[in-house]
Amino acid sequence: IRHWKQLTGNEKFIAGECQSTGQQIYKTFVDLDQIKFYCTCQQEKKPCKHALALLLIYLDSSHLLTIVDQAPDWFSSLEEKARKKDEISKQQLEKKAIQQARTRDARFELMEAGVKELETWLFDFIRQGLAVSETQSEAFWEDFAARMVDAKLGAIGKKIRLLKNISRTNNWHERLLQELGDLYLFVRAFQKLEQLPEILQQELLNFAGVTVKKDELIQQNGQKDEWLVIGQITGVEENLNFRRSWLLGAKTGRLALILDFLWGRGNFPMDWKPGQVIEAELVFYPAAYPLRAIIKNYQWSKKPFDGLCGFKFLEDFTKAYAQALAKNPWLSSFPVLLEKVIPLFEKDQLYLVDHLRKRIRIETNPGETWKILAISGGHPIALFGEWDGSSFRPLSIITGGRIIPLHS
């Protein structure tokens with residue numbers, strides 16, 4: 001308080017002059033009616049430390065204020081300076097918004113042209129027949145993928161590049177037809193983009209590769225909960241290391257996908273493993289069926305996780321998947337926790353069977369197959385994994401309160 005002079009005010013404002021250690025005098029004014037702060041200091045953050053100090057004096061030592069009817073003489077020039085600064089900031093924001101709109105319009109023009117080219121390519125592909133994919137050179141896929149990238153359809157370009165690998169897998173013709181069908185659905189939906197609900201428009205842009213930036217997303221309020229790392233898988237795709245971590249909320253029951261990418265060698269951020277629990281705030285990307293999220297803040301939790309529940313019957317799981325697919329037709333993987341299913345190995349294929357004798361196909365390598373069968377021993381177990389519409393890919397086994405990962 002000893003640094004303050006000329007402390008004045010009334011029920012509408014408080015004002016004062018603060019002398020710094022460097023003999024500089026800062027004139028500070030707080031408008032109590034409109035909650036506005038004015039100060040001759042150069043701090044960008046508002047309210048500045050001088051305004052906060054003045055408020056504390058008002059709260060704790062209001063008897064030091066001289067009651068006056070009018071604001072100090074110097075306030076009018078300070079207010080005018082602040083008004084001009086606000087106008088300049090507003091003009092800058094308007095210019096930035098106009099530039100962003102122009103950039104967005106230019107990008108959409110490129111995307112529209114790319115979608116037309118994609119439609120022609122799909123029709124030509126189907127006319128020739130799926131078998132032609134086995135004879136195409138790598139340049140066939142790479143060249144068209146590059147054109148999609150140039151058209152600002154980066155995610156579509158990636159899907160085109162990955163199509164060349166499908167012919168090496170089992171039931172490749174079914175998978176290829178499904179991928180082509182998703183691309184054609186994207187084409188038709190994009191042609192009617194403005195007619196779609198706003199959230200489905202965002203989903204369509206997500207599919208094309210236009211996503212909300214993390215810096216913008218992190219500013220939003222998230223979902224606070226205790227989250228269990230229930231499944232995880234790492235791998236390499238197009239020379240890029242990836243990690244898919246699935247988190248399950250104890251109170252909300254929500255599942256969240258945390259995607260991490262890494263170039264070259266090194267370690268992923270947040271070195272967690274299945275079975276660990278964190279208290280965290282997650283912000284989900286806008287989507288018709290939100291799954292992917294980022295972690296805003298977190299801390300490790302030593303509390304026992306209470307909230308592990310899944311589908312007891314496969315019929316309930318398939319209904320939930322159908323509802324999710326109705327919201328997002330481009331849903332590539334559906335996270336699912338299956339309770340009390342019995343692994344069944346039949347004709348070199350592993351299945352999961354529930355108590356109603358319903359079964360689904362499970363996709364594993366030999367090592368995972370025998371690990372699942374050994375832990376089960378013919379008895380029901382719980383499995384968490386991803387469903388792609390035709391088969392279940394297990395990521396972890398839950399038994400005896402433990403989570404046993406199947407992937408490293």
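Two rings of Phe, Tyr or Trp count as a pair if their centres lie within 6.5 Å. Keep that cut-off in mind. By this rule, Tyr289, Phe311, Phe317, Tyr321, Phe334 and Trp387 form one aromatic cluster. One caution before we go on: this is a predicted model.

So, how many aromatic pairs does the rule give? The count comes to 26. Let me take one of them. Phe125 and Phe140 sit 6.4 Å apart, centre to centre. Their planes make an angle of 40°. That pair is tilted.

Where are these two residues? Phe125 is in helix α2, which covers residues 75–128. Phe140 is in helix α3, residues 138–150. The pair therefore ties together parts that are 15 residues apart in sequence.

Buried or exposed? Phe125 is buried, at a relative accessible area of 2%. Phe140 is partly exposed, at 24%.

Next pair: Phe207 and Trp330. What is the angle between their planes? It is 40°, with the ring centres 5.7 Å apart, so this pair is tilted. Phe207 belongs to helix α6, residues 198–208. Trp330 is in a loop, the one between α8 (314–327) and β11 (334–346). This pair ties together parts that are 123 residues apart in sequence. Both Phe207 and Trp330 are buried.

Now, charges over rings. Which residue lies over the face of Phe284? Arg254 does, at 3.7 Å from the ring centre. There is another case at Tyr351. Arg359 lies over the face of that ring, at 4.2 Å from its centre.

Gln232 is buried, since its relative accessible area is 11% and buried means under 20%.

What does the side chain of Gln232 reach? Its side chain and that of Ser245 are joined by a polar contact of 3.0 Å. The Gln232 side chain also reaches the backbone oxygen of Trp272, at 3.4 Å.

And which residues does Gln232 touch? Leave out residues up to four places away in sequence. Then we have Arg243, Arg244 and Ser245, plus Trp272 and Pro274, and also Leu395 and His407.

Technical notes. Residues numbered from 1 in each chain as written. Predicted model: local features only at pLDDT ≥ 70, side-chain atom pairs only at ≥ 80, totals over all residues. Heavy atoms only, no water. Phe/Tyr/Trp six-rings, centres within 6.5 Å; stacked < 30°, edge-to-face > 60°. Helix = DSSP H or I, 4+ residues; strand = E, 2+ residues; numbered from the N terminus. Buried < 20%, exposed > 50% of the residue type's maximum accessible area, 1.4 Å probe, protein only. Lys NZ or Arg CZ within 6 Å of the ring centre and 35° of its normal. Polar contact = N/O pair within 3.5 Å; in protein donor to acceptor, adjacent residues only side chain to side chain. Contact = heavy atoms within 4.5 Å.
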